[in-house]
Amino acid sequence: MSAAAGVFDETRAELSAAVRDARAAWGWTTTLWLLAFAAALVAPAVLPLTSRMPDLAEFVYLALAATGLAYAVGLAGIPSLGQGAFLGIGAFSEALLRTRAGWPLLPSFVAAVAITAGVGVLTGLATGRLRSAFVAVSTWILSWIFLLLLTSFPGISGGAQGLVLPPATVLGHALTPTDHYVVGITLLAVAVLALAVIAPRSPGLGLAAARDQRQAASGLGVPVARARLGVFTASAVIAGVAGALTVELVQVADASSYGPSVSFKLFVAVILGGARLPLGPVVGLLVISAFSNAAAQIGGLRGLPPGRLEEMLTGYGMLLILGLGGAGLLPAARGWWRSRTPPRHVPRPTPPAREVPHVEAPEPLRARGLTKSFGSLVALDHVDLELVPGRVHALIGPNGSGKTTALKALVGDLVPDAGTVRVDGTELNGPPRARVLQGVVGTQQATAVFPELTALQNALVGAGLRLEHEGPFRTFLRTPKARADERLAERKALGALQLVGLHDPDRPASELTAHEQRLLMLASALATGPRVLLLDEPAAGGSAAELDRLAELLHELRGRGLALLVIEHNLRFVRRVADEVTVLEAGRRIASGTLAQVASDDAVQMAYLGRQKLA
Amino acid sequence: MSSSGSTVGWVASTLAIAFALRGMIGAVFTRPAYVFPDPFHFDNVGRNGVVTIAGASVQVRSFFVIGLAAALAALAGWTLERTRRGRALQAISSDPEAARFVGLPVETLVALAFGLVGGLAALAAVAAAPSAPFTVDSGALLGLKGLVAALIVRFGSPWAAFAAGLGVGLAEAAIDNLRIGGFGLGPQYGELIPLGIAVGVIAYRSLRAEPVARTA
């Protein structure tokens, strides 16, 4: 009894916490959303729409496919031109299972969606590592292959008249167009809501980070390949659902309704409305439908084949949007609205300044015999390095001496030809994510912040690393654990920002100065909770006052038990912060010790420092 | 700035232009298909423009088309490798930011490249048009095959793309017509298989490639 009561109490506490959170996050936009959804649901019962219902339901399904495409294009920046094919795969799988195999509606539907998911996974795997231009071309070819496959094999596609489906019934109930409309609106609302919920949270932020700076995102432990494959598959699955349901609605699967021109239309809808806003694709599709109506009227007057003018007008509309800056209609409208209304300041509790805790299990990092050649150029030649907790180790040397190559080998950005890197007795030889999880994280030489995210969101990309309940499904369902994880991540991120001295978490990263952007990279790295921190030229571009602050920060991090490696050209700064120095020349370690010891070394003076006095 | 973001923009604009132009052509040329007369009267050569080589009947036109294509590929290759503007275009292709940084007029050169591509496509269309009835959609499929050929050689040199294009065409013709021991695939596979091979090549390269994030 008491156990049951405990569970009951716990559930009640969680529920009231959820209600509290929901009320805190409730705004007039939420109310508006709910009202719009309710209005769309009751519209067929109130308005005289019965004769238009099939068209409306078909539009809603197409909008669902467009929203699915926004997952790939907007969230992850994958320019997929294959959505028409995925829509068609869903549709024809459903049609073939229903007509040829004689399956009932529901099992066919599940199988059709599973088939589309399978093709989506294969396509995602096949294009995952390509540059985006190649992704666009290969998905475009996929759209054509699908169309040619159907037109070349009338045996599969039913030829010119298509495949005619038996009437759709679910549990003895015959589905009407209105039923389809209600199902479509509900699915569309869920897809839009999921996009809205996921985009600004950990899974969405990781994708946005990889979209803008793939290498930097991977360096902070974002599982880039897996996340992109997941979002591409989700995009295909949504198209499969829309395709299978459309074919049940119109009762016929017709090859000419899928393929390249549908892919084009959906892609245009997403760009036209705004790929980064959840409702963008729906707005874009509405505009295109207005175009097609206008085009049909004009074309009818001139006696043109249907569809011809539609594509032309769609093309011109898209060019207009791209010419006006390319963000899409909805973002433009939002920008205009925001410029008219004063910004609402959201008070944010300031975290205690020293949130970044001491390193719990400080461990030295030992690199032995690191070697890397690029062709005949030996970039690293048997380099040993030891980074000790609570000490700052500076890596110096002339340009091209292998400093950055060494850092890349330590963080896993490149695989050395020989040599080992160990922390805590375990050898690190995986990609960056595995090393970040072990507590080894580096920052990039060039400023590589995520320009379209705010400072806080940048830091959250790092803070999302160790969260266990931050998958896309938990995030969307807002489970208690996901919400607790989110609060923890936000505390970590704010703490890291506070520590590096960035006090406006809501500023877009693109508005920060070059030095502030370097600090932001440092904050994102700190938010991953590292034991070993590797910084590539953190002082570059800083003023004297900024360097004072940076030196203080490095001392503070050292005091917390971090092992630090700093690659630096500014020797005055090195003298202030470094406990130990290693000098590289032509990929070889030519000296190490304190700066004074190194400075008096003949080889060092010969190689590099002769030109600049050290101490 | 963001590489993928700008690619999305490029993809969107080129497709938009393509569809806008195609729609415009369709609005002006309203017949289902057009037959173009041959400006070079190849039908006077051989037997009604057909010669027999090793038992095979070949249109004389095809030699002209192949020759013209080879000449254009050579010209494009020479332009890219040997002229200042061509090398500047290659620089832009490998790193647009760096090209801009060293003072190349990137926008002008990209516009020039599009102009050249358009001109080459127009010549190809004029050369190919008399072979068969031309429809508004002929261009899309022809362009797609060109894209496939260029993709197979990774948008490398024009010569390689020319060779790949010939290969795609040969494969298509062979699949359409060849029957070995009573077994032949038939014309319905002719357009599909080259596309399928292209997708296979892309997938193979993608899976073999180092993850983008790990290349220096």
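α6(B) passes α8(B) in a left-handed crossing, in what is a predicted model.

Me: Which residues make the contact between α6(B) and α8(B)?
Reply: From α6(B) it's B:Val148, B:Leu151 and B:Ile152, and from α8(B) it's B:Pro194, B:Leu195, B:Ala198, B:Val201 and B:Ile202.

Me: What makes those residues nonpolar by class?
Reply: Val, Leu, Ile, Ala and Pro count as nonpolar, so the tally for α6(B) with α8(B) is eight nonpolar, no polar and no charged residues.

Me: How many residues does chain B have, and what share is buried?
Reply: Chain B has 216 residues, and 15% of them are buried. To be called that, a residue needs 20 or more other C-beta atoms within 10 Å of its own.

Me: How do you know which residues of chain A and chain B are in contact?
Reply: The test is C-beta atoms within 7 Å. On that basis, 51 residues of chain A are in contact with 42 residues of chain B.

Me: Which element gives the most to the side of chain A that touches chain B?
Reply: That's α6(A), with 13 residues. By class, this side of chain A has 32 nonpolar, 11 polar and eight charged residues.

Technical notes:
Residues numbered from 1 in each chain as written. Chains lettered and ligands numbered in written order. Predicted model: local features only at pLDDT ≥ 70, side-chain atom pairs only at ≥ 80, totals over all residues. Buried ≥ 20, exposed ≤ 12 C-beta atoms within 10 Å, placed from the backbone. Left-handed = near helix turned anticlockwise from the far one by under 90°. Helix = DSSP H or I, 4+ residues; strand = E, 2+ residues; numbered from the N terminus. Contact = placed C-beta atoms within 7 Å.
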